[in-house]
Amino acid sequence: MWFGTMDGLNKYDGYQFKIYRTKQNNKKSLPNNQIKSLYEDPHGELWIGTMGGGLARYDRDNDSFEHVIKPQIGNNSIDVSVNAILEDSKGNFWIGTYTDLYSMDKKTGRLTRYQFRDTKGRTITAVVTSIFEDNRRNLWVGTENGLILFNKETQRSTYFTSTGARGALSNNKINVITQHGDGYLWVGTYGGLNRFDYHTNTFTA
């Protein structure tokens, strides 16, 4: 079992804990002690998103870490606080940061940036908090400013926000997104749990 904390990564093997922390001058240690996200992909690879230290992959054979996305300076720099990680059904690897959504080629580490736009085509900066693919292969992105249904082909965004009206989200700050066997999409927010109905495009709090 793995636990991400604000002071390192914890592994529990059923008997004892082992704590991983960043070590000065050790390029194979954890890049940052503040863990923002943990994700095991369909191939069994463990990925660790950190606060300001980028993205790391756990090397199970050597019990060490590979720094996949590193803090950089200049035109190639990105926000290296990785809040959310997901590999979708087509093998696309998604990363959510404090400013944008990215896809990453796992072999090369090359990043592609996706920006969210409103109905008028204006770019919106959103803190990504969660990423989820439903059983219809829709990509949902939770942010601190609402829920986004992101079309991977057209790169268009459909926004769902808290408006106070019946059928709207109870709160714009999204914590988690999942789907139950009943087919409904469930969205955890700061204002409680919301159930999304695909037929009506509305939420029930």
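How many bridges join strand 4 to strand 5? There are five, and the two strands, residues 35–40 and strand 5, run antiparallel. Strands here are DSSP runs of E with at least two residues, numbered from the N terminus, and two strands pair if DSSP finds at least two bridges between them. This is a predicted model, in which local features need pLDDT of at least 70 and side-chain atom pairs count only at pLDDT 80 or more, while totals for chains, interfaces and linings use all residues. Residues are numbered from 1 along each chain as its sequence is written, and side-chain values use heavy atoms, with hydrogens and water left out.

Strand 5 covers residues 46–50, and five of its five residues are buried (under 20% relative accessible area with a 1.4 Å probe, protein chains only; exposed is over 50%, and partly exposed lies in between). In a regular strand the side chains alternate between the two faces of the sheet. Here L46, I48 and T50 point one way, and W47 and G49 point the other way.

Strand 5 also pairs with strand 6, residues 55–59, in the antiparallel sense over three bridges. W47 stands opposite R57 in strand 6. Four residues lie between the strands of this hairpin, where G52 takes a positive phi near 85°.

Elsewhere, strand 2 (residues 8–12) holds N10. N10 counts as buried because its relative accessibility is 13%. Leaving aside residues up to four places away in sequence, N10 touches M1, W2, F3, T5, F17, K18 and I19, contact meaning heavy atoms within 4.5 Å.
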